[in-house]
Amino acid sequence: DAPLVLVGEDLLDRLVELRLSRRDGVLVLGRDLDDAGVWQRAVDVGAQRVVFLPDAEGWLVEALADAVEGRDAPGALVAVVGGRGGAGATTLACALAQTAARRGSSTLLVDADPLGGGIDVVFRAEQQPGLRWPELAGSRGRVPAAALDRALPRVGELALLSWDRGDGAQVPVEAARAVLGAARRSHELVVADVPRHLDEVGQEVLSCAGTALLLVPAEVRAAAAAARVAVRAAQWCRDVRLVVRGPAPAGLTADQVQQAL
């Protein structure tokens, strides 16, 4: 029942005699890539893969971590971007995340705007204990998903990853990548509030997102501004979708905004 079995090449001859059936999760550890005998004996013992050290050390660490945390597919990441300032992207992101959490999905709301004042304020949760972005700025490699989930502040069933009200400490893109990876491993849905002026972290969020929602008020000037944001967002996310928000003072329809973009 073990999710992962590591077999040293020095044990292969003994295991061949047992005539084991093939199963997933059996890895043979070898040292000489040119040793054809390792491949043949790995087939004979029913191994899934041969891994050569030290070259595959990073891949093996990931495989071990997956075995400990489980091998479920990572959760969906949806990014929300405003077509202009004040479009309501933060409100939409909060509404999406809160609705998903209320419907029973494990959900994390990520604040990707360091100048936004902290998305936890929207929920009056700025005094809730838990980690904020500056405390995760030193993250590298693989962040334990379960530990991250336990350390974040919550509003009901919704987990929050927010900025604080400090001096705007920078979060390296490597740290954002590690944290987002852990977030997707521990949640079915991650909703990210992304600023229009994309910094490296914002670009990383969009590149990890399966879908980006571009929120545009039904106004001529907003559509003009959103056209530039759409071009930038599409550089980092393949699936950019339009959300048009009323009211429409000049009678601009959603189809017209779509054509303008």
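Which residues have the most contacts inside the largest nonpolar core? The close-ups below, taken from a predicted model, start there.

**View 1. The largest nonpolar core.** This core holds 43 residues. Those with the most contacts inside it are Leu108, Trp133, Leu148, Leu161, Val194, Val205 and Leu206. Helix H6 (residues 173-186) gives the largest share, 7 residues. In soluble globular proteins, nonpolar side chains tend to be buried together.

View 2. Leu148 touches Leu136, Val143, Val179, Ala182 and Ala183, leaving out residues up to four places away in sequence. Another core, of 17 residues, lies apart from the largest one. Its members include Val78, Leu109, Ile119 and Val191.

**View 3. Helix H7 and its cover.** Helix H7 spans residues 200-208. Its buried residues are Val201, Gly202, Gln203, Glu204, Val205 and Leu206. Val205 and Leu206 are also listed among the residues with the most contacts inside the largest nonpolar core. The cover over the buried residues of H7 includes strand E4 (76-82), H6, E8, strand E9 (211-217) and helix H8 (220-234). At the start of H7, a side-chain oxygen of Asp199 comes to within 3.3 Å of the backbone nitrogen of Val201.

**View 4. The largest pocket.** By type, the lining divides into 8 nonpolar, 8 polar and 6 charged residues.

**View 5. Ser106, in the loop between H4 and strand E5 (107-111)**. Ser106 counts as partly exposed because its relative accessible area is 29%, between the 20% and 50% limits. Leaving out residues up to four places away in sequence, Ser106 touches Ser186, His187, Glu188 and Leu189. From Ser106 to Glu200 the separation is 94 residues in sequence and 27 Å in space, C-alpha to C-alpha.

**View 6. Pro249, in the loop between strand E10 (240-245) and helix H9 (254-260)**. Pro249 has 70% relative accessibility, so it counts as exposed; the cut-off is over 50%. Beyond its neighbours within four places in sequence, Pro249 is in contact with Ala218 and Glu219. Pro249 and Asp199 are 50 residues apart in sequence and 32 Å apart in space, C-alpha to C-alpha.

Note on methods:
Residues are numbered from 1 along each chain as its sequence is written. This is a predicted model: local features need pLDDT of at least 70, side-chain atom pairs count only at pLDDT 80 or more; totals for chains, interfaces and linings use all residues. Side-chain values use heavy atoms; hydrogens and water are left out. Ala, Val, Leu, Ile, Met, Phe, Trp, Tyr, Cys and Pro count as nonpolar, Asp, Glu, Lys and Arg as charged, and the others, Gly among them, as polar. A nonpolar core is a set of buried Ala, Val, Leu, Ile, Met, Phe, Trp, Tyr and Cys residues joined through side-chain atoms within 4.5 Å. Buried means under 20% relative accessible area, exposed over 50%, partly exposed in between (1.4 Å probe, protein chains only). Helices (H or I, at least four residues) and strands (E, at least two) are DSSP runs, numbered from the N terminus. Contact means heavy atoms within 4.5 Å. A polar contact is a pair of N or O atoms within 3.5 Å; within protein, one must be able to donate a hydrogen and the other to accept it, and residues adjacent in sequence count only if both atoms are side-chain atoms.
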